[in-house]
Amino acid sequence: MIVESRHTIHNIFELSQHQSDIFVIPILTDIHKHSAENTVSLIYLASKTADYIIPVNHPDSDIQFSIKQVEGILSKFSYIYVTDKKEFLHTFKWSLAKSRKVLDLNMAEWFTNNKPYDVSGVSTTAHDYIERKYTSSPRVNTIIPIYKHLEKCRSIKDIVFKQYTTHDKQQAGSYIKYNENMLYILYGIEQTGLFTAKGLEYTQYNPYTSTGRPSNRYGGVNYAALNKEDGTRDRFVSRFDQGKMLEFDFDAYHIRLMAEVVGYQFPDTSVHEYLGKQYFGKDELTEDEYKESKALSFKILYGGIPKEMRDIEFFGKVHDFTRKLWKQFKSEKFITTYLLQRRLHADNLTEMNAPKLFNYYLQALETESNVLILKDVFKVLSGYESKLVLYTYDSFTFDYNPSDGEQFFTDIKNAMKYPVKGQIGDTYNTLESLVFEHAI
């Protein structure tokens with residue numbers, strides 16, 4: 001039903017008295033703009049028994065509703081189901097506490113089948129024709145008739161609006177942690193944007209990958225793998241007066257994470273130096289040997305522990321853990337991630353072997369560790385002007401406001417839990433070692 005009078009809103013309020021759940025799709029004005037800088041044209045709402053499409057900014061309707069009025073409607077429901085929680089948050093700008101009742105159905109599907117829903121092919125003849133004819137228009141969705149939007153939304157609802165139930169409290173708890181924490185954190189980074197001389201560039205994280213490590217692409221740019229050699233990073237600068245780009249990288253992150261899993265305690269020295277001394281049988285390493293040690297450690301960790309390296313206690317423990325993990329995977333048909341307890345089911349993982357399974361486990365471990373650390377980083381940021389603008393696996397990039405002072409370095413370093421190295425510069429491409437004795 002298209003909401004064409006304020007009287008119809010009373011029907012929705014009455015619906016909320018009988019049903020606690022509602023399915024929502026925000027329909028944005030511009031199909032090309034990132035949701036962080038877009039505006040809303042329509043809001044689609046659906047229960048199991050009725051559906052409505054509310055005009056916010058569309059010429060087909062004589063009556064328009066404000067976002068605040070729509071929020072008043074949504075507040076009446078206990079749970080809000082969406083296909084993209086980050087997009088919903090960009091639209092309504094809800095706080096973490098308020099957003100807890102927003103449940104992402106793609107996240108639920110990914111938990112079940114290790115992939116999100118595919119609704120990319122859902123369309124109407126009107127959408128296909130108008131999007132093609134007016135491809136350069138910044139307001140394409142206001143040209144498409146409301147009733148055609150209603151048709152498309154109903155098709156999407158029929159695919160995704162399912163009831164996910166589980167008696168497994170562990171998996172339910174894991175879903176809640178991912179839905180509440182991971183998606184809100186990624187939204188928080190996206191909405192900040194990367195500053196350039198031409199304005200803000202927005203990133204878009206996709207958490208629904210086969211390994212669970214988020215990808216980050218938008219507008220044809222892979223922000224998770226920006227080239228360090230071709231000047232691509234030069235355009236990213238600070239939005240603050242005299243500001244700097246600041247990056248903190250974890251030191252030997254995966255090795256330290258796995259040490260916790262297998263119960264191995266490294267000494268309070270450089271991990272790469274410690275392992276290198278065992279590789280080369282020396283008490284002191286040259287600069288070249290240190291670099292070789294670093295490369296060799298990652299080769300051993302990711303490629304399967306060769307027999308001759310299993311005498312090194314750490315790698316021996318990792319080898320034993322990998323064998324145990326593979327045995328569990330074959331017998332129980334799933335493994336469970338270490339920190340947030342998400343299950344990786346054998347039915348969803350094809351052509352698996354022990355080293356490949358270990359790499360999936362390790363990337364999930366990295367991601368979940370980052371989620372927990374980023375929660376603390378955002379708590380620190382709430383007391384400062386500086387902003388987190390990019391997260392790429394084992395490093396966090398900040399737009400640093402000098403007014404925050406050097407205490408900011410210390411607080412971020414402490415929030416990141418593991419040893420880190422800092423770099424700072426005028427652009428993202430001209431970072432140099434951060435020398436600050438109290439921070440690093």
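**Close-up views of a predicted model**

E351 lies in the loop between strand 13 (343–345) and helix 14 (354–381). Welcome to this predicted model, in which local features need pLDDT of at least 70, side-chain atom pairs count only at pLDDT 80 or more, and totals for chains, interfaces and linings use all residues. Residues are numbered from 1 along each chain as its sequence is written, and side-chain values use heavy atoms, leaving out hydrogens and water.

**View A. The loop residue E351.** Although E351 is not a glycine, its phi is positive, near 50°. E351 counts as exposed, at 71% relative accessibility (exposed means over 50% relative accessible area, buried under 20% and partly exposed in between, with a 1.4 Å probe and protein chains only). Helices here are DSSP runs of H or I with at least four residues, and strands are runs of E with at least two, numbered from the N terminus.

**View B. The loop residue A252.** Look for A252 between strand 11 (244–250) and helix 10 (253–262). A252, again not a glycine, has a positive phi of about 50°. A252 is buried, with a relative accessible area of 4%.

**View C. Helix 11 packed with helix 12.** Helix 11 (residues 271–280) and helix 12 (residues 287–303) pack at about 90°, their axes 9 Å apart (axes are lines fitted to C-alpha atoms over the stretch in contact, and angles run from 0 to 180 degrees between N-to-C directions). Helix 11 is therefore roughly perpendicular to helix 12, a term for angles of 65 to 115 degrees. Residues in contact (heavy atoms within 4.5 Å) include H272 and Y279 in helix 11, and Y290 and F298 in helix 12.

Note on methods:
Angles under 35 degrees count as roughly parallel, over 145 as roughly antiparallel, 65 to 115 as roughly perpendicular and the rest as oblique.
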